[in-house]
Amino acid sequence: MPTSLIAIAIVSGITLFAIVIMVRAYRRPITEIPFPNSVIEATSLPLSDSARQQFVAAVGTFKAGDYRGALDRLAQVAESEPNCAEAFHNLGLAYANLGDNDKALRSLLKASAAYDQQGTKAGVERIKQDLERLKAFD
C-alpha cells in the first residue's frame, strides 16, 4: 500500500510540474509582434452594411492594438461574408500578433484561397509575404 501512495505522489508531482510549465509557456507574451501595422483596411468585394460596419470596427480595434477584440469582430465578418478574403487575412494577422501561429496560418491560407478565387493577385502576393514573415517568427 505505501508503495502505491509513493507512486501516486510521484506521478502527481510530475503532472503538476508539467501543467505549471505549460501554463507559463502559454501565458508568456511574445517578444515581438510580427504585424503591428499591417491590417488590411479595405475589402475587394462589397459587403452587407452590418458586415462592413463590423469590418471597419475591427480595423480600428486592430490599429488600437486590441487583437483579441479584432478577432471577435473579424470572425463575425468571416461568418456572414465567407468570401471576404480581407476578413480572413486580418484574422491571420491578429492571430499571429497574439502568438497563435497555427490559427494564423489557417486563416492566411483561407484568405489566399479567397483572393485566388476573386482573381486578386495583389492579395495572393501579400499573403506570400506575410507567410514568409510568419515563418520567421515560428
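A few ground rules come first. Because the model is predicted, local features need pLDDT of at least 70 and side-chain atom pairs count only at pLDDT 80 or more, while totals for chains, interfaces and linings use all residues. Residues are numbered from 1 along each chain as its sequence is written, and side-chain values use heavy atoms, with hydrogens and water left out.

The protein has 6 helices and 0 strands, where helices (H or I, at least four residues) and strands (E, at least two) are DSSP runs, numbered from the N terminus. Read from the N terminus, the order of elements is simply α-α-α-α-α-α. Of the 138 residues, 34% are buried; here buried means under 20% relative accessible area, exposed means over 50%, and partly exposed is anything in between (1.4 Å probe, protein chains only). Among contacts with a separation of 6 or more, 59% link residues 24 or more positions apart, a contact being heavy atoms within 4.5 Å.

Helix α3 (residues 67-80) is a handy place to start. Its 14 residues should span 20 Å at 1.5 Å a residue, and the end C-alpha atoms do sit 20 Å apart, so the two values agree; the expected span is 1.5 Å times one less than the number of residues. Buried residues in α3 are Tyr67, Gly69, Ala70, Leu71, Leu74, Val77 and Ala78. The cover over them includes α2 and α4 (85-97).

Helix α4 also packs with α2, at an angle of about 25° and with the axes 12 Å apart. Axes here are lines fitted to C-alpha atoms, for helices over the stretch in contact, and angles run from 0 to 180 degrees between N-to-C directions. The two helices α2 and α4 are therefore roughly parallel (under 35 degrees counts as roughly parallel, over 145 as roughly antiparallel, 65 to 115 as roughly perpendicular, and the rest as oblique). On the α2 side, Phe55, Val59 and Phe62 meet Glu86, Ala87, Asn90, Leu93, Ala94 and Asn97 of α4. The α2 helix passes α4 in a left-handed crossing, meaning that the near helix is turned anticlockwise from the far one by less than a right angle, with clockwise giving a right-handed one.

What angle do α4 and α6 make as they pack? About 10°, with their axes 12 Å apart, which makes α4 roughly parallel to α6. This crossing, too, is left-handed. His89, Leu93 and Ala96 of α4 meet Arg126, Ile127, Asp130 and Leu134 of α6.

Next come the charged pairs. The structure holds 5 salt bridges, each a side-chain nitrogen of Lys or Arg within 4 Å of a carboxyl oxygen of Asp or Glu. One of them joins Glu41 to Lys63, with the closest N and O atoms 3.1 Å apart. Glu41 lies in the loop between α1 (2-27) and α2 (49-63) while Lys63 belongs to α2, so the pair ties together parts 22 residues apart in sequence.

Helix α6 (residues 121-137) holds Glu125 and Lys128, 3 residues or about one helical turn apart, and their salt bridge has a closest N to O distance of 3.4 Å. Glu125 is partly exposed at 42%, and Lys128 is partly exposed at 47%. Asp130 and Arg126 form a salt bridge at 3.7 Å, N to O, and both lie in α6, 4 residues apart. Here Asp130 is buried, at 6%, whereas Arg126 is partly exposed, at 26%.
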